[in-house]
Amino acid sequence: MSEPGKSLLSSPTSSGGQPAGSDTYKGWLYKWTNYLKGYQRRWFVLSNGLLSYYRTQAEMAHTCRGTISLTTAHIEVGDACHLVLTSGGRSYHLKATSDGESQRWVSALQQAKANASHMMHQSDDSGDEAPLPQPDRALTQGALKTLASKLDDLSTCNELIGKHGTALQRSLSELEDLRTATDGTDKLKTVNERATLFRITSNAMINACRDFLDVAETHSRRWQRALQYEREQRHHLEETIEQLAKQHNSLERAWREAPSTHPDGGERTQEGDASDENEDTEFFDAMEDSPAFITVTASDHTQHRRSGSNQSIMSGGLPNNEWSHNENDSGSNNVQLRRVRRSRIPNKPNYSLNLWSIMKNCIGKELSKIPMPVNFNEPLSMLQRLTEDLEYSDLLDRASRCESSLEQMCLVAAFSVSSYSTTIHRTAKPFNPLLGETYELDRLDDFGYRSICEQVSHHPPAAAHHVTSQRGWTLWQEITIDSKFRGKYISVMPLGCIHLQFHSSGNHYVWGKVTSTVHNIIVGKLWIDQSGDIEIVNHRTKDTCHLKFVPYSYFSRDLSRKVTGVVADSEGTAHHILSGTWDDKMESAKIVESSRGCGGSEGKQKTLYQTLQPKVLWKKYPLPENSENMHFFSSLALTLNEPEEGVAPTDSRLRPDQRLMEAGLWDEANAHKQRLEERQRLERRKREAQATQVLEEGQDIEGFQPLWFERRTDDSTGESTYVYRGGYWEAKDRQDWSQCPEIF
């Protein structure tokens, strides 16, 4: 490290920089950053009472990591080459490499502090003063009161000058009209008196003007310095944000060029060292509530669990196009007659709009109540997103053929995780369905199921869903979306239960959903995370499966988006271990032996499970080509909004704003969206007025009644939920939609 002062400035070899003026000191010091990185080497520059620091000397041209004003700073010398600067309630811990260098830095800092203090107390005429902080409020108010008082003096003098000037002019006129000497003597005396008063008043006016100008100039210089200081701070902030954006883009490019380094976290540490220094950033420890078990493969304890991934993937890993050619059709003609569904949609337009500019006034509000343009939507409704959970319905087809309820539970758990795989790149918001809006998906010909959704409530937004499969299962759910905007992130919390019943065994499974969080709302690239627990219960056998979605942590060595789980019987005995990620695949391993005694956090004992080789339950399908320009839609998602003949007039496919957005006509889509939302508000007010009238008449209030769903109490759980009442597919066969409201 180079010495501060003239010796350093005269030694370009040691400093690595260009010589500066005699009042500038440069050199290397070690600065404490945080408990993760400890002391880091930084390039410090002391100039004009300011101590600035940079990561490298090259950064002096564009990025300052921080500036410490020595005018109000407290300098404390510690032991072992340490020194502490305290300014503005914040402490900076610095360290030199030797006692001599530490002493020279302390001398330079104390001299700079003395110079800065002297300059601050110099006459206001000095133009070399260091930037002052914002003037004290009391001082500003005092200056304004002084100026107001001086202005009142000027107004009073102005009135007196006018009064005495008029009197003097009148006396002079009278003096001209005099005819006798006696009268002239008296009048001349009067003129002299009035002229004296006018002169005195004029002098007072001049003095008052001088005082006003002095006060104004004095405080004007102070305010100009304060304004200049604020301008410099703003300029510095703009430069910092610009640099942050550049470095963010560089990190994104580096991430895309080396995606394989992400899972093991090996490159994370290097990126963390190269990233922007941010001592104000909140750091969170790695998750302590990790799974309370350790898994060891029975065949080879030293073999990594992921060796099982080389096994042949079950039928759940086949892509969509392979499904259609592996059905048990009697001949190739049946395959050829099957409908060919679309595999692409128009590319997403490149419209730029600042999300923060819209949402900064919506912190703490429910997301469904925030009016947002279609720029932040994807061309699917929430009903279609709910239907998209059926992307991997083949898992339920396989589960219906299982004889073991525990193996069936493994497949049901994999299905519950698979519904999140489509969200990894999908940070856009689906359209809020209108009240009474429906969505059907008839895939009997290829997947063997029919699905119908209906929006049964608008505030809070709730949707009911029913799926019947010819392959041995029925699924139904009512999901209420509770979403909050927290400033830095958006949390989406689906409330409600998903029910699944297999026809042959009567096994009835019930589970919920985890919380989805969209991060980087203010700055950076949006990314989504899933976190929380899912408890799956078989109400017939009392088997359970506990799934844990591990929240992302920068410091964790675990896989990102990790999911773990244990399948247990009615007595709580574990039989299968589940592991994987919600964006890629899930595996199951059968437990052959378990034991306790392995230490965990906070003194808790972990269970050691000895398992067979894991088998792949589910693996995500690859995204279609060009998906990055098609909202990252999966193969199924690309077909969800495809026009369909014979659907109900309330179907989401017929929603005009959503259809226009898919076509790339976003301005027209925004206009239609506003029209539909205003129409829905009018309908709500009309219903509220009718309810008020009915209440005044003493009658029972009957709220909105869904067309295809009704509320019932579930026999297994005892909860009241919306279930399918029937009639939709029969109405479609008759093409009788007379009961449907006109909502579009």
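Strands E11 (residues 438–443) and E12 run antiparallel and are joined by six bridges; strands here are DSSP runs of E with at least two residues, helices are runs of H or I with at least four residues, and both are numbered from the N terminus. Two strands count as paired if DSSP finds at least two bridges between them. The model is predicted: local features need pLDDT of at least 70, side-chain atom pairs count only at pLDDT 80 or more, and totals for chains, interfaces and linings use all residues. Residues are numbered from 1 along each chain as its sequence is written, and side-chain values use heavy atoms, with hydrogens and water left out.

**Strands E11, E12 and E13**

- E11 and E12 form a hairpin with five residues between them, and Gly448 in the turn has a positive phi of about 80°.
- E12 also pairs with strand E13 (residues 462–469), in the antiparallel sense and over eight bridges; these two strands form a hairpin with four residues between them.
- Cys453 of E12 is the bridge partner of Tyr439, and the bridge partner of Cys453 in E13 is His465.
- Strand E12 (residues 449–457) is mostly covered, with seven of its nine residues buried; buried means under 20% relative accessible area, exposed over 50%, and partly exposed in between (1.4 Å probe, protein chains only).

**The seven-stranded sheet**

- An open sheet is formed by seven strands in the order E4-E3-E2-E1-E7-E6-E5, with antiparallel pairing.
- Its edge strands are E4 (66–69) and E5 (74–77), each of which pairs on one side only.
- From one strand to the next, the twist averages 35°; axes are lines fitted to C-alpha atoms, for helices over the stretch in contact, and angles run from 0 to 180 degrees between N-to-C directions.
- Strand E6 (residues 82–87) pairs with strand E7 (residues 90–95) in the antiparallel sense over six bridges, and Leu83 stands opposite Leu94 in E7.

**Cysteines**

- Zero disulfides are found in a search of the whole structure, a disulfide being a pair of cysteine sulfur atoms within 2.5 Å.
- The closest cysteine sulfur to that of Cys402 is in Cys410, 8.7 Å away, which is too far for a bond.
- Cys402 is partly exposed, with a relative accessible area of 21%, whereas Cys81 is buried, at 13%.

**The chain as a whole**

- The chain has 16 helices and 27 strands, and buried residues make up 42% of its 744 residues.
- Of the contacts (heavy atoms within 4.5 Å) with a separation of 6 or more, 58% are between residues 24 or more positions apart.
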